[in-house]
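The sequence and structure come first.

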Amino acid sequence: MSEKRELILSFESSCDETSVAVIENGDKILSNIIATQIDSHKRFGGVVPEVASRHHVEAITICAQEAMAAANVTYRDLSAVAVTYGPGLVGSLLIGVNAAKAIAYAHHLPLIPVNHMAGHIYAARFVKPLKYPLIALLVSGGHTELVYMRKAGEFEIIGDTRDDAAGEAYDKIGRVLGINYPAGKEVDELAHQGHDTFNFPRAMLKEDNYDFSFSGLKSAFINTVHHANQIGEQLNRADLAASFQASVIDVLTAKTIRAVNEYHVDQLVVAGGVAANHGLRDAFAQRLSELDHHVDLIVPPLRLCGDNAAMIGAAAHIEYQKHHFADLYLNADPNLEFTYQA
């Protein structure tokens, strides 16, 4: 008799995407439904928490129904229900947490709490198996972190941002360039048309740590543009974008490659929304090819770089194997940090 396959229904609602997925055995996507809210937040230049929560309420039941139908499974087929419970916007998180708890309770299924950032790392499992120890660079609108993983489910943050996250800096300079939120993709495309002519600062590049800082770069960019406007000078937008992106990429790649060497790992995962940046992907591929030993670079496909429930299902697989379940008192934790349970 064949062993029953592991099917996890997973929920992600930490920010402005409502997503529900069905994942088989931690590395196969049977469905991954994503309802985006970008158009609703564009006019505000960023995510409005109250608006995001309202959209989650409207979309989450529909997404769950579509995910189950697309995967062609019933609730009786499921092994567990998983949900992002932090970090993120507390109102948004609560919608997903309560939906997951309701389904787990109604169908007598285990409930798996998942750290959103762990989900981003485990999106790499849909590309190829992870080999430990490894280094992961998490780079998004809210986070820029270097994580050392000795084994599955174990996370040690060895570097963090002191101020702005890289993705946040992209959105802020995007406004100065007249680019609507979210600005990352368009800044990346514009950067490929220009050259690094402004030589913006590479903050903390030579310091003996793995931390990041992008507020100085953002300020230098904004001050350069404002000064040019005051004296009536026309600056090349493509060169501005290229110069900004070159600074971000130089710092991210240099510190990450140093961590790869000093921690003696053979696999690097680059994940999070900014991992969709083509300039960053190309730079890592080039820098790793120059090393004297092979390091396997894993970057999730573009559709899995942003927030999605498939990555939550992949991370939940690890917790399911360890029987790390929550009870129905599970609550949202907007400031959740990486933790490890044996």
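Ser140 sits in the loop between strand E6 (134-139) and E7; helices (H or I, at least four residues) and strands (E, at least two) are DSSP runs, numbered from the N terminus. This is a predicted model, in which local features need pLDDT of at least 70, side-chain atom pairs count only at pLDDT 80 or more, and totals for chains, interfaces and linings use all residues. Residues are numbered from 1 along each chain as its sequence is written, and side-chain values use heavy atoms, with hydrogens and water left out.

**Ser140**
- Ser140 counts as buried because its relative accessibility is 9% (buried is under 20% relative accessible area, exposed over 50%, partly exposed in between; 1.4 Å probe, protein chains only).
- Not counting residues up to four places away in sequence, Ser140 touches Ala165, Ala166, Gly167, Glu168, Gly272, Gly273 and Val274 (contact means heavy atoms within 4.5 Å).

**Asp171**
- Helix H5 (residues 166-176) contains Asp171.
- Asp171 has 17% relative accessibility and therefore counts as buried.
- Apart from neighbours within four places in sequence, Asp171 contacts Tyr181, Pro182, Ala183 and Gly184.

**Strands E7 and E8**
- Strands E7 (residues 144-149) and E8 (residues 156-159) run antiparallel and are joined by three bridges (two strands pair if DSSP finds at least two bridges between them).
- Val147 is opposite Ile157 in E8.
- The two strands, E7 and E8, form a hairpin with six residues between them.
- In the turn, Gly153 has a positive phi of about 80 degrees.
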